[in-house]
Amino acid sequence: MKKIFTTLFTPAVALMLFQSCQKDISTFHDIQPYSFSSIDSTGGEWKPIYISGGDAVSIPNPADVISVEYQAEIEAMKTTMGNATDNERAAVQYWGTNSAVRWNEISRDLVAKYNLPPAPNEDGTYGIPNSTDPSVYPYFPFAHPPYASRVYAYLSVATYDALVVVWNQKYKHHRLAPYKVDGNISPLLPGNDLPGFPSEDAAIAAASKAILAFMFPLEVDYIAGKAIEAQNSRMWGGMNVQSDITAGDSIGRAVANMLIDKAKGDGMKFAQVSQHVADSLETAADNIYGYHWENLEVPQRPIGIAPFFGHVKLWFVPSVLDVRPSPPPAIGSEEYNNAVNELNDYQKHLTDNQEDLVFFWNDGAGTYTPAGHWNNLASEYIIQNQLNPLRTARALGYLNASMMDAAICCWDNKYYFHFPRPSGADPEIKTLLGVPNFPSYTSGHSTFSGSACTVLSYLFPEGSGYFTQLANDASNSRKYACIHFSFDCSAGLTCGINIGGFSVAAAQADGAN
């Protein structure tokens with residue numbers, strides 16, 4: 001082992017980091033606008049993930065393109081284009097032709113900003129983020145891996161379901177894009193054959209605004225500003241008239257509100273339990289298996305992260321029992337001792353390549369978490385394949401709903417089996433990255449990665465071998481860091497692959513293929 005790092009983390013340091021992040025939220029990609037590889041004209045007939053269908057939201061009929069009303073909108077858009085500033089034209093390129101990817105990126109930035117474990121108080125106690133008073137330290141939310149998976153899932157499902165409705169309305173009304181109506185309009189982005197009404201980008205912005213503001217209440221103003229910019233960019237760029245945008249906004253808000261209603265009742269508010277409940281979980285593990293996990297933080301944080309996240313409602317998996325693995329090997333058994341010896345060997349003989357994998361897949365505090373790592377990868381494949389916004393949202397919807405299922409099932413495993421971390425079971429084992437504040441079995445990285453690999457291999461079969469290798473690397477990185485036993489990783493990977501299969505089965509039946 002080369003180095004073990006520790007950090008003194010106090011409320012003052014947390015406040016400094018939080019305030020510095022508030023000044024500017026960066027983005028990761030220079031996403032060049034592109035022409036779509038297909039427009040999926042039958043997309044309005046696809047089955048959404050949550051809402052009832054493409055006709056779930058009603059909007060008023062649009063004005064005809066030859067009407068005085070519409071022609072006035074065309075002239076207003078031309079004026080808006082002509083008066084656009086350099087910054088506004090830059091915003092057109094920033095949002096591009098597929099703003100679903102950009103909103104996914106923004107969600108990852110927000111997760112990274114809020115993925116800060118609450119620091120101890122001066123008396124050694126710990127506060128708990130409070131959604132009813134989010135601006136008081138510790139700030140709400142703490143975007144730990146389960147919470148992050150929930151952010152990505154609700155954002156992605158709301159976007160996909162909203163766009164199924166948008167496509168339904170596009171091909172119901174067949175109103176052309178303004179640059180198809182008026183040959184004097186030269187759009188600033190690549191054109192396509194999609195009907196212009198309603199605006200897909202307006203729907204994406206409205207849905208994203210509602211979901212992200214719900215998940216990150218301290219960022220309401222920032223998120224609203226990005227949504228306004230995204231919608232206005234469609235007029236600055238000559239892509240949509242105002243009624244296109246208004247209709248898309250209406251659809252996005254309506255669908256997002258349905259998903260927010262679901263989120264309010266999905267069980268997340270009960271995920272962080274009382275000390276009494278946390279103690280009862282330890283007692284249950286002691287009674288069944290003769291051991292329990294104990295947090296090693298100093299001062300000790302009495303309750304782990306979200307012990308009841310395993311009770312949150314699933315998307316595709318019928319029940320956590322359908323994918324729950326067999327118990328881990330008994331402490332002191334041959335399999336267990338072999339796993340301990342393996343970690344001791346990594347401490348002494350970790351290769352440079354193995355260490356590189358540890359840090360590449362770190363995904364700890366201040367990052368967009370393992371699920372965000374896989375979203376970043378998915379975005380690269382989406383852009384590479386030049387997917388349209390509907391096809392993009394479908395990919396992200398199935399990927400992220402599956403990874404939220406993976407988080408739910410993994411956290412159920414963690415607090416059902418309550419298995420100690422390697423350094424908790426054997427004090428001679430030292431970690432490369434610190435010790436996470438939740439039980440060991442099964443590995444979260446492995447479960448997320450098995451799920452993501454399975455879904456992405458279905459969506460992008462040409463990358464299947466690459467995704468499999470990445471999933472194995474992510475899983476193995478946790479034992480290289482001595483954070484997990486090998487059986488934590490292998491069981492988690494298998495569990496994740498099984499979870500991903502439920503998502504793939506749903507995608508195969510949605511009519512998109």
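Modeller: Helix α14 covers residues 389–417, which is 29 residues, and reaches 41 Å from its first C-alpha to its last, close to the 42 Å expected at 1.5 Å a residue. The model is a predicted one. α14 is mostly covered, with 28 of its 29 residues buried.

At the start of the helix, a side-chain oxygen of N388 comes to within 2.9 Å of the backbone nitrogen of L390. N388 is also one of the residues touched by N98. N98 sits in the loop between α3 (86–95) and α4 (99–114). Its side chain makes a polar contact of 2.7 Å with the side chain of T392, and it reaches the backbone oxygen of L387 at 3.2 Å. Leaving aside residues up to four places away in sequence, N98 touches Y34, I382, L387, N388, P389 and T392. N98 is buried, with a relative accessible area of 5%.

Just after α14, H418 takes a positive phi of about 55°.

As for its packing against another helix, two packed helices are described by the angle between their axes and the distance between the axes. α5 (residues 145–173) packs with α14 at an angle of about 150°, and their axes are 7 Å apart. Angles over 145 degrees count as roughly antiparallel, so α5 and α14 are roughly antiparallel to each other. The crossing in which α5 passes α14 is left-handed.

Notes: Residues numbered from 1 in each chain as written. Predicted model: local features only at pLDDT ≥ 70, side-chain atom pairs only at ≥ 80, totals over all residues. Heavy atoms only, no water. Helix = DSSP H or I, 4+ residues; strand = E, 2+ residues; numbered from the N terminus. Buried < 20%, exposed > 50% of the residue type's maximum accessible area, 1.4 Å probe, protein only. Polar contact = N/O pair within 3.5 Å; in protein donor to acceptor, adjacent residues only side chain to side chain. Contact = heavy atoms within 4.5 Å. Expected span 1.5 Å × (residues − 1). Axes fitted to C-alpha atoms, helices over the stretch in contact; angles between N-to-C directions. Parallel < 35°, antiparallel > 145°, perpendicular 65-115°, else oblique. Left-handed = near helix turned anticlockwise from the far one by under 90°.
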